[in-house]
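Visitor: I'd like to go over the charged side chains in this one. Can we take it step by step?
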Amino acid sequence: MTFCEQAWAVTSSVRAEIDHLPFLRQLAAGTLPSAVFLDYLTQDAIYLRDYARVLAAAASLATVPAEVAFWATCATTAVTVESQLHESHGVDAAAPASPTCATYLGWLWELVSAAEYPRLVAGVLPCFWVYQDVGERLHARAFSSAHPYADWLATYADPAFAAATAQARAISDRAAADADPAAVQDMLQTFAVGVEHERDFWRAVG
């Protein structure tokens, strides 16, 4: 099995929890209160500001030119394309990070400080993959132009985001293929913790 195949398998139970979160169920049904959605978007905007810097750190640690370019491009995207979604909903850019958001970001910065490229790659992958997986399935089930959160559903079901996620997975598989077994286990554990943080992020606002 590839690293990504193993990582997806070992996180199946946590991902099942994500699928049953009230936040996502109500979002898909269009019944999520607008105040709750705004709270989520506010924390997401705070998260993405730092996540962009973490992706830039991944670019600085990468040694393969194509990977340097990929992470740098993703860092730019995180603060431009996705920020448009936040701005369109009137997100308060000066709001403080919630404890859950701060914990997730603190963990990511610990990975940056460790300066271990394979672990950092594994740590940033859940934000790509979990959102792409959830977004595509919710879009297929719930999307219509009249849906109150149609722009969110469209953002994470975008083919360009799917392509970026596929590239992030490919980079993770390559990093794992070049790593020793102990390092691969560290990557798997890191990915699993990242998926738990994604669950907790949505659970905190649901």
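Guide: What follows is a short talk about salt bridges in this predicted model.

Visitor: How many salt bridges are there?
Guide: The count comes to nine salt bridges.

Visitor: Start with D133. Which residue does D133 form a salt bridge with?
Guide: The partner is R137, and the closest N and O atoms of the pair are 2.8 Å apart.

Visitor: Where do D133 and R137 lie?
Guide: Both are in helix 8, residues 117-142. They sit four residues apart, about one turn of the helix.

Visitor: Different topic. What does D200 pair with?
Guide: R199 is one of its partners, in a salt bridge at 2.9 Å, N to O. D200 also forms a salt bridge with R203, where the closest N and O atoms are 2.8 Å apart.

Visitor: How are R203 and D200 placed in the helix?
Guide: They are three residues apart in helix 11, residues 181-205, so about one helical turn separates them.

Visitor: Which residues are joined into one network with them?
Guide: Salt bridges with shared partners link E17, R199, D200 and R203 into one network.

Visitor: Why does R199 count as buried?
Guide: Because its relative accessible area is 12%, and buried means under 20%.

Visitor: What about D200 and R203?
Guide: D200 is partly exposed at 23% relative accessibility. R203 is also partly exposed, at 45%.

Technical notes:
Residues are numbered from 1 along each chain as its sequence is written. This is a predicted model: local features need pLDDT of at least 70, side-chain atom pairs count only at pLDDT 80 or more; totals for chains, interfaces and linings use all residues. Side-chain values use heavy atoms; hydrogens and water are left out. A salt bridge is a side-chain nitrogen of Lys or Arg within 4 Å of a carboxyl oxygen of Asp or Glu. Helices (H or I, at least four residues) and strands (E, at least two) are DSSP runs, numbered from the N terminus. Buried means under 20% relative accessible area, exposed over 50%, partly exposed in between (1.4 Å probe, protein chains only).
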